[in-house]
Structure formats: structure tokens, C-alpha cells
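Let's take a walk through this model together, one stop at a time. Have the sequence and the 3D view ready.

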Amino acid sequence: MSGSTQGIGYAIAEALLREGASVVVNGRDEDRVRTAVAALRATAPEGAVSGIAADFQDPEQVRRLLGSLDELDILVNNLGVFEVKAFESVSDEDWQRYVDVNLMSAVRLSRHALPAMLARRWGRIIFISSESGVNVPADMLHYGVTKAALLALGNGLAKLTRGTEVTVNTVLGGPTYSDGVARAVTEISQARGLAPADLKDAIAAGNQTSLLQRFIEPEEIANLALYLASPVSSATNGAALRADGGVLTSML
């Protein structure tokens with residue numbers, strides 16, 4: 001599972017571990033990977049959990065990671081970076097970083113995992129995208145474009161699974177109070193002399209299309225991912241399922 005030392009990825013890892021899956025977490029920092037593995041072991045002492053540190057901007061680290069992986073029954077592509085930045089300020093290097101991390105990490109992991117899944121005729125590939133891949137934000141175009149590409153990737157890969165019990169699906173998450181968002185809210189609130197909780201509530205209330213009128217918790221995204229990873233989701237394939245809190249206003 002890529003990008004799983006904190007936030008949504010960690011919540012999915014914990015949910016899978018509680019259900020008896022053997023989990024391999026990933027992050028780019030060795031210390032964070034060790035910390036996440038220790039925390040997961042404390043949560044589920046009987047579970048099987050390990051970690052691999054790899055930076056998906058570094059091709060050599062990616063090669064080492066792929067070489068150390070056994071065959072996977074379930075692959076969760078969660079890794080992603082985001083930032084608010086004006087379109088004219090996003091350099092070619094920025095765009096390449098977003099493509100490498102948000103899109104190509106999923107391409108490389110899926111390319112590694114899918115052939116063995118098809119040979120066994122069972123497997124699950126899950127992409128964690130975002131409502132920003134459908135309603136691309138003007139102040140995060142580079143992020144939204146890569147999340148839209150994940151939707152296309154998931155849809156296309158699913159067509160390769162015809163006649164098997166392998167499924168490929170995408171989760172469209174809404175505004176989620178991940179660790180990264182929490183840090184940003186804390187920094188902004190300190191700069192403005194506000195309480196972080198008040199700023200968090202104000203941001204959520206300002207999202208006029210949200211039906212929840214609050215941030216989504218990582219565990220709520222994990223619940224949908226857990227369903228897609230399970231045998232009971234066998235008829236769900238090539239789909240983009242929402243856990244967006246009603247932010248997207250289209251019917252489909």
C-alpha cells in the first residue's frame with residue numbers, strides 16, 4: 001500500500017490489518033515507516049505488518065521496492081501530494097513531480113501486481129483519487145489533473161480483467177482531515193491568531209456543496225476501500241465510487 005504511514009493510507013492499512021490481511025506499508029521516510037509499523041502492531045498485535053521505505057520520485061528506489069515485493073492479492077494506490085499554487089507558478093519540474101508521485105507510482109505498482117493477479121484470476125487494485133479529479137480546482141490544477149488521470153487509469157485497467165475475479169476500482173474522496181490538511185490548518189490558524197478547531201469548522205462550512213458540512217475523517221474513506229478490497233465487492237469493477245460527502249453535485 002503506497003503512501004500509508006499516515007492519513008487515509010494509514011487508516012486503510014489499519015482496517016485491512018484488523019480484517020486479517022497481511023499488510024505492507026510504504027512511505028518515503030524510513031523513520032515514518034518504522035513508526036507506522038510499530039503503531040499498527042500495537043493496534044493489532046496478532047496481525048502481520050511490515051514496511052518498505054521508497055521515494056517514488058527516485059527510479060532506483062522504485063526498482064528496489066518492486067524487487068522486494070511478493071505477489072499481492074490487494075494493491076492500494078494511495079500515494080499523493082498536493083498544494084495550493086497558482087497555475088502560472090507551477091513549473092515543469094513541479095508538474096513532473098506530481099505526475100511521478102501521484103500517477104506513475106500507481107502505474108508502476110499496478111504493472112507489477114496485475115499480471116500475477118490475472119494468472120491467479122483473483123485480486124483487487126484500488127486507486128485513491130479525489131473529487132478534485134472530477135471538479136478540478138483552479139488553484140490546484142496540477143493536483144486535479146493527476147487525480148483525473150488516476151480515474152482514467154483505473155477505468156482502463158479494469159478492462160484487462162474481463163472474465164476473471166480481479167477488480168480495479170477508484171475511490172473519489174472528498175475534503176478529508178488528513179495529517180497534511182491538519183498541519184496546514186494549524187499553520188494558517190497560528191498565522192491568523194485563530195484556534196485550529198474554529199478554522200477547521202469555518203473551512204468546512206464554507207464548502208457550499210458539501211452535504212456533510214464537515215471534513216471527512218480518514219477512517220470514512222477506509223471503510224469504502226475495505227469494501228472494495230473484500231470478496232463481497234465482486235460485482236464492482238471499473239467503477240469510481242464516491243466517499244465525498246456530497247461535494248460533487250452531479251447525479252453520476
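Which exposed residues does the face of α6 turned away from its buried side carry? They are Glu187, Gln190 and Ala191, where exposed means over 50% relative accessible area, buried under 20% and partly exposed in between, using a 1.4 Å probe and protein chains only.

Before going further, a word on the ground rules. This is a predicted model, in which local features need pLDDT of at least 70 and side-chain atom pairs count only at pLDDT 80 or more, while totals for chains, interfaces and linings use all residues. Residues are numbered from 1 along each chain as its sequence is written, and side-chain values use heavy atoms, with hydrogens and water left out. Helices (H or I, at least four residues) and strands (E, at least two) are DSSP runs, numbered from the N terminus.

Back to α6, then. This helix runs over residues 179–192. From first C-alpha to last, its 14 residues reach 20 Å, close to the 20 Å expected at 1.5 Å a residue; that expected span is 1.5 Å times one less than the number of residues. Val181, Val185 and Ser189 are the buried residues of α6. They cover an arc of only 65 degrees around the axis, so they sit on the same side of α6; the arc is that of the directions from the helix axis to the C-beta atoms. Helix α7 is part of what covers these buried residues, with contact meaning heavy atoms within 4.5 Å. Just after α6 comes Gly193, with a positive phi of about 70 degrees.

Two residues other than glycine also deserve a look for their phi. Most residues other than glycine have a negative phi. Arg121, however, has a positive phi near 65 degrees. You'll find Arg121 in the loop between α4 (92–120) and β4 (122–130). Gln213 has a positive phi too, about 60 degrees, and lies in the loop between α7 and α8. With a relative accessible area of 38%, Gln213 is partly exposed.

That loop between α7 (196–206) and α8 (218–229) also holds Glu217. Leaving aside residues up to four places away in sequence, Glu217 touches Thr176, Tyr177 and Lys200. Thr176 is 41 residues apart from Glu217 along the chain, yet their C-alpha atoms are separated by 5.7 Å.

Now head for helix α2, residues 30–43. Its buried residues are Val33, Ala36, Val37 and Leu40. Seen down the axis of α2, these fall within an arc of 100 degrees, so they line one face of the helix. Thr35 and Ala42 are exposed on the other side. The cover over the buried residues of α2 includes α1 (7–18), β1 and β2. Glu14, in helix α1, touches Leu40 and Thr43, not counting residues up to four places away in sequence. Glu14 counts as buried, at 17% relative accessibility.

The last stop is the second largest pocket, with about 470 Å³ of space. On a 1 Å grid over the protein atoms alone, a pocket is an open set of points where a 1.4 Å probe fits, with protein on both sides within 12 Å along at least five of seven lines, and lining residues have an atom within 4 Å of a point. Of the 23 lining residues, Ser22, Val23, Val24, Leu72 and Ile74 are the closest to the centre of this pocket. β1 gives the most to the lining, with four residues.

Terms used:
Points joined across faces, edges and corners; volume = space filled by probe spheres on them.
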